[in-house]
Every structure is written in C-alpha cells, then in structure tokens.
Amino acid sequence: MLSYEKTDHIARLTLNNPPANALSSTMLNELADRLDKIEKDQTIKVVLIKGEGRFFCAGADIKEFTALQQASDFEELSKQGQRLFDRMENFSVPIIAAIHGAALGGGLEMAMACHIRYASENAKLGLPEMNLGIIPGFAGSQRLPRYVGNAKAYEMILSGAPISGKEAVAFGLVNKALTEDVLFSEAEKLASMIAEKSKPAIQRIMQLIPYANTTAFADGSNAEAKAFGEIFGSDDATEGIQAFLEKRKPIFTDK
Ligand SMILES: C/C=C/C(=O)SCCNC(=O)CCNC(=O)[C@H](O)C(C)(C)COP(=O)(O)OP(=O)(O)OC[C@H]1O[C@@H](n2cnc3c(N)ncnc32)[C@H](O)[C@@H]1OP(=O)(O)O
C-alpha cells in the first residue's frame with residue numbers, strides 16, 4: 001500500500017492504494033511504521049511523498065466508515081490520523097509532498113502536515129467532508145486556517161469546494177504550482193538540494209520552526225476529534241456516506 005525506496009539520502013514514499021490512494025487504517029499504520037524506520041536511519045535527510053495513479057490522495061477511506069459504529073470509534077480514527085500527522089509535522093526529517101490530481105479531505109490534511117508542498121497547477125485541493133455530512137477530522141479545521149487565513153478556510157470548509165494548485169499558491173497553501181509533467185522532477189530537484197545539506201543543520205531547523213506553533217492548536221485538535229466522533233451519529237452523515245457510495249446526490253435533513 002505504501003511503496004518505499006531510498007537513494008542519495010532521499011526516502012521516497014508512494015501511496016499506492018487504488019483507486020483513490022485512500023488513507024485506510026492499514027495505510028495509516030504503514031505510514032506510522034515507515035516513519036519509525038526513517039527516523040532510525042541516520043542517512044536519510046529528506047522524505048518525498050507522492051501518490052500513484054490519477055491523484056495524490058482522496059482522503060480517509062469512506063468505504064471503511066461503514067464498518068465503524070460508535071462515536072468513540074470515529075473519535076479514535078480521528079485521533080489516529082491526528083497523531084500521525086502531528087508526528088509528520090514535528091518530524092526530524094523534512095517531508096515534501098508532490099501533489100498531482102487531487103488532495104482531498106485526509107489527503108489534504110496529510111499534505112498540510114508536510115513541510116513543503118508542490119502541486120500541479122490543475123490539482124484539486126480541498127476539504128469536502130461537509131459534502132458527506134461530516135467535518136474534517138485529521139486536524140484540517142486547525143491547519144487549513146493557519147495556511148490560508150480564516151476567511152478562506154471558512155469558505156473552503158463550508159462550501160466543500162476545492163481550489164486549484166494555482167489558487168493554492170496564491171493563498172500560501174502550497175509552495176509552488178507546476179505543470180504536471182515537471183511536478184515530480186521539480187520536487188526531486190528540491191529534495192536533492194536539501195539532501196546536500198548537513199544533517200545536524202537540517203535537524204536543528206526541524207526543531208526550531210515548530211516553536212512557532214501554539215498550544216491552542218492541540219486544544220483545537222482535541223475538540224475536533226470529539227466533534228468528529230459526535231457528527232457521525234447524525235442522520236446526514238449516514239445519508240452523505242451512503243449517497244457517495246451509491247454515486248448519487250445526498251438529501252440532507254439537517255439532523
Ligand atoms: C478524517 C478524514 C475524513 C475524510 O478524509 S472523508 C473523505 C474526504 N474525501 C472525499 O470526500 C473525496 C471523495 N472522492 C471524490 O470526490 C472523487 O472520488 C475524486 C474527486 C477523488 C475522483 O473523482 P472521479 O475521478 O470522478 O472518480 P470516482 O469515480 O469518484 O472515484 C474513483 C474510485 O475511487 C473511490 N474513492 C474516491 N474517493 C474515495 C475515498 N475517500 N474513500 C474510498 N474510496 C474513494 C470511488 O468510490 C471510486 O471507486 P469505484 O471505482 O469502486 O466506484
């Protein structure tokens with residue numbers, strides 16, 4: 001589900017879970033295990049993440065949602081994703097996300113936990129959870145405003161509509177938008193530039209920049225996980241997920 005390769009101090013992770021590279025619980029576990037291994041390997045200076053197939057990642061595995069029952073199951077799923085993405089954000093090795101096609105829901109939440117994002121110009125980046133009658137659960141409600149500001153975050157989350165890679169640059173959500181044919185080679189170039197730097201210097205930078213974070217973020221993430229669990233008890237969440245699986249428009253009743 002997660003391919004791995006290492007050359008020239010660069011670790012390359014490829015999400016390979018067709019058709020959508022969805023973040024199933026297995027994928028989340030594989031990512032966590034791989035981070036453990038990367039952290040122990042002192043020769044790795046930078047990590048590059050991309051997706052196989054048509055897009056980067058379409059988010060949490062909606063098909064797995066139907067197997068969960070209680071609010072507490074969903075709260076735990078939310079916490080599992082949040083723990084993983086906090087770990088990525090605070091990782092001692094820089095992580096670059098190369099986003100083509102789409103980074104939606106958990107896929108964007110994961111990309112936002114990376115340190116640098118390159119996207120294809122026409123990639124769709126968004127948090128479409130409200131189209132399913134649910135809300136973001138992997139800390140998207142906390143990380144998105146940090147990058148794009150509150151007004152744009154409200155618009156993106158409440159409308160569920162994605163923005164393009166080009167627009168994402170304008171709002172500070174991604175570093176660069178590139179045509180799809182050069183996206184991966186440009187991300188590789190950046191990784192090579194970082195891989196040429198001193199590992200201890202890289203490590204210090206990785207320790208220093210997170211000081212800019214505040215404790216309110218953790219409080220917000222906790223509140224998000226609780227709300228994520230609660231929202232799954234609603235009729236609209238059941239309807240939204242069912243409608244997605246049946247490929248039809250959901251009929252929400254606001255309950
Ligand atoms: C805490 C975190 C919560 C979340 O992350 S909730 C999930 C948030 N993400 C979404 O809501 C995205 C949902 N997916 C889409 O909007 C669309 O899909 C895409 C834009 C990614 C692609 O659209 P198109 O090119 O028209 O393809 P297609 O026929 O809709 O999808 C291809 C196959 O991929 C499956 N799929 C797409 N996203 C997910 C997903 N997130 N989880 C599980 N499966 C997914 C579909 O069902 C289908 O599968 P089949 O070919 O078997 O019909």
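1. In this predicted model, 38 residues line the largest pocket. Nearest its centre lie Ala-20, Ala-58, Ile-62, Leu-104 and Phe-244. The space in this pocket comes to about 1,100 Å³.

2. Four elements each give at least two residues to the lining of the largest pocket: α2 (62-65), β5 (102-104), α4 (106-113) and α11 (235-245). The largest share is that of α11, with four residues. By numbering, Ile-62 falls in α2 (62-65). Likewise, Leu-104 falls in β5 (102-104), and Phe-244 in α11 (235-245).

3. The lining of the largest pocket holds 21 nonpolar residues. Another nine are polar and eight are charged. The five residues nearest the centre, Ala-20, Ala-58, Ile-62, Leu-104 and Phe-244, count as nonpolar under the classes used here.

4. The second largest pocket holds about 440 Å³ of space. Its lining has 19 residues. Closest to the centre are Glu-89, His-115, Met-206, Ile-209 and Pro-210.

5. β6 (116-120), α5 (140-148) and α9 (199-208) each supply at least two residues. The largest share, four residues, is from α9. Met-206, among the residues closest to the centre, lies within the range of α9 (199-208).

6. By class, the lining of the second largest pocket has 13 nonpolar residues, with three polar and three charged. Glu-89, one of the residues closest to the centre, belongs to the charged class.

Definitions and conventions. Residues numbered from 1 in each chain as written. Predicted model: local features only at pLDDT ≥ 70, side-chain atom pairs only at ≥ 80, totals over all residues. Heavy atoms only, no water. 1 Å grid on protein atoms, 1.4 Å probe; cavity = no way out; pocket = protein on both sides within 12 Å on 5 of 7 lines; lining within 4 Å. Points joined across faces, edges and corners; volume = space filled by probe spheres on them.
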